Amino acid sequence: MGFTNILEGCRHTKVQHLVYASSSSVYGGNTAMPFSEHDSVDHPVSLYAATKKANELMAHTYSHLFNLPTTGLRFFTVYGPWGRPDMALFLFTKAILDGQPINVFNHGKMKRDFTFVEDIVEGVIRVLDRPAEANPAYTAGQPDPATSNAPYRVFNIGNNSPVNLLDFIGCIEEAIGKKAEKRLLPLQDGDVPETYANTDALSEWVGFVPGTPIEVGIGRFVAWYRDYYGV
C-alpha cells in the first residue's frame, strides 16, 4: 500500500523518474549464480521477497499505463554506518563488544554479496540521472524480465563478490580486536544460502558498479559504531 501511494504521487505530480529500492531477495530459490536481471524471479521464498516483486510489477504497470519512468534497484545485503540495528553487522558488532554470543545460521555455510552503503548511494544517484527508457529490442514473444516496451528497468546493485559468512565475521573480529563466541544454528525459514550479483547491466547503463572491499567497509563501520556509541 505504501508503494502504491508513492506511485500515485508520482503519477499525479508528473514525476520525471522514480528510482526505488527492490531487493536481491526477489531471486528466491534461484541457484544459477551470479543472479541476473534476465532470470525469472517468480518463486520468492519469503513474504518480504514477494512484496518486493509485487512492487516491481506495480512499477511496470504505472510505466505502461502512465508513461512514468521507473527504475528498480535490487540491493544486495547493504551494510555500513547508520544501518538498521536489527541487521547482522550491527548485531554481531554489539554482541562481540559486549562479550555475548552471536547466532550464526546455516552453521556458517552462507555467502552474501555484501555492498557498502556509499556504493549504494552512488549507484542510486547515477541511475536517477538516467531515466528508464523503453527497450527497442523488447519482444512480447520472448519478454526480458529486466526491460520492457514501457520506460521500465531493473538493475542489480551489489559488490559482485560474495563473501563467506565466517569470513565476514572474521573481518568484524579483526576490526574490533576481539574474537566472537559463535552459536551455530540451522538455516532460517525463508533465508537463502547464497547471493551473488551480476552487475553487467548496471555497469553498461551508468558506468558504475560497487567495489568497496569488505575489509574496508567493515573497518569504517566499526570505527563509526565505536564513535557513535562511545565504546
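A residue is called buried under 20% relative accessible area, exposed over 50%, and partly exposed in between (1.4 Å probe, protein chains only). D42, with a relative accessible area of 52%, is exposed. This is a predicted model, in which local features need pLDDT of at least 70 and side-chain atom pairs count only at pLDDT 80 or more, while totals for chains, interfaces and linings use all residues. Residues are numbered from 1 along each chain as its sequence is written, and side-chain values use heavy atoms, with hydrogens and water left out.

**Salt bridges**

- A salt bridge is a side-chain nitrogen of Lys or Arg within 4 Å of a carboxyl oxygen of Asp or Glu; by this rule the count is 10.
- One of them joins the side chains of K53 and D42 at 3.9 Å, N to O.
- K53 lies in helix 2 (residues 47–66) and D42 in the loop between strand 1 and helix 2, so the pair ties together parts 11 residues apart in sequence.
- K53 is buried, at 17% relative accessible area.
- R74 and E56 form a salt bridge of 2.8 Å, N to O, and both residues are buried.
- E173, K179 and K182 are linked in a network of salt bridges.

**Nonpolar cores**

- A nonpolar core is a set of buried Ala, Val, Leu, Ile, Met, Phe, Trp, Tyr and Cys residues joined through side-chain atoms within 4.5 Å.
- The largest such core has 25 residues, and I102, F168, I172, I214 and I218 have the most contacts inside it.

Conventions. Helix = DSSP H or I, 4+ residues; strand = E, 2+ residues; numbered from the N terminus.
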